[in-house]
Amino acid sequence: MLIIPVKEGENIERALKRYKRKFVKTTIKNQLQERKQFTKPSVARRAQIQKAQYVQGLRDQEVV
């Protein structure tokens, strides 16, 4: 649960901006999107391997 203390005399838009920033940083949004649809463990593992291969390819290109 996110708690944003609003200081006395603080503009509500500023407090909302702080809330949105904190919301994005806590990765709650990503968790909600992942929970919308079930992904099989094998599919998740395959995606993780593909991402690792992609990142490794980028690092290999950097070195050369």
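Reader: I'm new here. What radius of gyration does the protein chain have, and what would a compact globule of 64 residues have?

Author: The radius of gyration is taken over C-alpha atoms, and the globule rule is 2.2 Å times the number of residues to the power 0.38. In this case the protein chain has 19 Å, while a compact globule of 64 residues would have a value near 11 Å. Its C-alpha trace spans about 55 × 35 × 15 Å along the principal axes. Keep in mind that this is a predicted model: local features need pLDDT of at least 70, side-chain atom pairs count only at pLDDT 80 or more, and totals for chains, interfaces and linings use all residues. Residues are numbered from 1 along each chain as its sequence is written, and side-chain values use heavy atoms, with hydrogens and water left out.

Reader: Okay. How many helices and strands does the protein chain have?

Author: Helices (H or I, at least four residues) and strands (E, at least two) are DSSP runs, numbered from the N terminus. Here you get three helices and zero strands, in the order α-α-α from the N terminus on.

Reader: And what share of the residues counts as buried?

Author: Buried means under 20% relative accessible area, exposed over 50%, and partly exposed in between (1.4 Å probe, protein chains only). Of the 64 residues of the protein chain, 5% are buried by that rule. K17 is exposed because its relative accessible area is 55%. L16 also sits in helix α1, but L16 counts as partly exposed, since its relative accessibility is 44%.

Reader: Now charges. How many positive and negative side chains are there?

Author: Lys and Arg count as positive and Asp and Glu as negative; His and the chain ends are not counted. The place of a charge is taken as NZ of Lys, CZ of Arg, CG of Asp or CD of Glu. The protein chain has 16 positive and 6 negative side chains, with the centres of the two sets 7 Å apart.

Reader: Which side chains meet in a salt bridge?

Author: Side chains of opposite charge can pair when their charged atoms come close. A salt bridge is a side-chain nitrogen of Lys or Arg within 4 Å of a carboxyl oxygen of Asp or Glu. The count comes to one: E10 with R18, at 3.5 Å, N to O. E10 counts as buried because its relative accessibility is 19%, whereas R18, at 22%, counts as partly exposed.
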